[in-house]
Amino acid sequence: MATGRDAVAVFDHAYHGRTNLTMAMTAKNMPYKHGFGPFAGEVYRAPMSYPFRDGLSGEEAAARAIDVIEKQVGADNLACVVIEPIQGEGGFVVPAPGFLPALAEWCARNDVVYIADEIQSGFCRTGDWFASEHEGVVPDLVTTAKGIAGGLPLAAVTGRADLMDSVHVGGLGGTYGGNPVACAAALGALEEMRTHDLAGRARQIGAIMHERLTALAAEHSVIGDLRGRGAMMAIELCEPGTTLPDPVRTAAVSAYCHAHGVVTLTCGTWGNVFRFLPPLAISDELLGEAFDVVSEAFRATA
Ligand SMILES: *Cc1c(COP(=O)(O)O)cnc(C)c1O
């Protein structure tokens, strides 16, 4: 509405949700899209910065993505670029430093709306209120949900006033918009995050996880990459010394953890990424206990 353009650019490995438009924007077919079409046109996919797999600097990866967008879409047709500052379902892919700022800068120069999908990475998870802050990127629009209301159903689109106000009166709405109970829960959740400095706590959790996972990676060559930020961290399992995904071992480790009382979640385009997203209210003791089980799981399935 604000730009008068139709095209939307998204990235490899992206996950943006399960409405019809966001399924088109999501990269992975199974289990998110399979059989649920037809999908919207005018959604274009650009290569993501994926340091473990492409070895490119942030600037190089941004130049590659921008080239695809310019050649295949054209800036004048492009309404927006939508990106997860750290990808969630797609494998906790952390873009190389410089990638997001270069992309945002290109968007600003071309009057393209830069939209950060912070639904998974937002609300203190990565050790900042929002993952975009880490490199000082200020998006034009931000999507949030998940952590926003401590589990009550709420989602938000927050943006520059000139963008939000470009819609005619009555054009933005919905049956459940602004549900008072969910909004009260969000205010309570935000207050908890602020008073308990959960961003700081996410950094502490991240330091503990990084230490445990570094030791684990030294012991098990199947762990090809360790990445993430704050309390959003992952390991990618590959055949030793290669980038060939090992989803079988990943599933085996996960099954062992489930059987021993730790709820784990895998992710990634090839299902070979083990992600760690502990609650920010977890104690050091419980976190340590969980990682003891994860370590046992790697030994038991070796
Ligand atoms: C969870 C999530 C969404 C929303 O997904 P739904 O399945 O539609 O609730 C959108 N973007 C990201 C990055 C997410 O992690």
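Here is a friendly set of questions and answers about this predicted model.

Residues are numbered from 1 along each chain as its sequence is written, and side-chain values use heavy atoms, leaving out hydrogens and water. In this predicted model, local features need pLDDT of at least 70 and side-chain atom pairs count only at pLDDT 80 or more, while totals for chains, interfaces and linings use all residues.

Student: Let's start with the ligand. Which pocket is the space taken by the ligand?

Tutor: A pocket is found on a 1 Å grid over the protein atoms alone, as an open set of points with protein on both sides within 12 Å along at least five of seven lines. A molecule sits in a pocket if more than half of its atoms lie within 2 Å of its grid points. Here, the space taken by the ligand is the largest pocket.

Student: How far is an oxygen atom of the ligand from an N or O atom in the side chain of Tyr15?

Tutor: Residues surrounding the ligand, with a heavy atom within 4 Å of it, include Tyr15, Arg18 and Gln120. A backbone N or O atom of Arg18 is 3.1 Å from a ligand oxygen, and a side-chain N or O atom of Gln120 is 2.8 Å from a ligand oxygen. For the side chain of Tyr15, the distance is 2.7 Å.

Student: What share of the ligand's exposed area does the protein bury?

Tutor: Accessible areas come from the Shrake-Rupley method with a 1.4 Å probe. Taken alone, the ligand exposes 390 Å², and the part of this buried by the protein is 75%.

Student: Is Thr264 buried or exposed?

Tutor: Look in the loop between α8 (247-259) and β9 (265-267), where Thr264 has its place; helices (H or I, at least four residues) and strands (E, at least two) are DSSP runs, numbered from the N terminus. Buried means under 20% relative accessible area, exposed over 50%, and partly exposed in between, using a 1.4 Å probe and protein chains only. Because its relative accessibility is 8%, Thr264 counts as buried.

Student: Which side chain makes a polar contact with the side chain of Thr264?

Tutor: Not counting residues up to four places away in sequence, Thr264 touches Ser254, Cys257, His258 and Phe274, where contact means heavy atoms within 4.5 Å. A polar contact is a pair of N or O atoms within 3.5 Å; within protein, one must be able to donate a hydrogen and the other to accept it, and residues adjacent in sequence count only if both atoms are side-chain atoms. At 2.8 Å, the partner of Thr264 is the side chain of Ser254.

Student: What is omega near for the peptide bond from Gly37 to Pro38?

Tutor: Most peptide bonds are trans. The bond from Met30 to Pro31 is cis, with omega near 0 degrees, and Pro31 is in the loop between α1 (20-25) and β2 (43-46). Pro38 also has its place in the loop between α1 and β2. The bond from Gly37 to Pro38 is cis, with omega near 5 degrees.

Student: What value is phi of Cys124 near?

Tutor: Most residues other than glycine have a negative phi. Cys124 is in the loop between β4 (113-117) and β5 (141-144), and counts as buried because its relative accessible area is 0%. Its phi is positive, near 80 degrees.

Technical notes:
1 Å grid on protein atoms, 1.4 Å probe; cavity = no way out; pocket = protein on both sides within 12 Å on 5 of 7 lines; lining within 4 Å.
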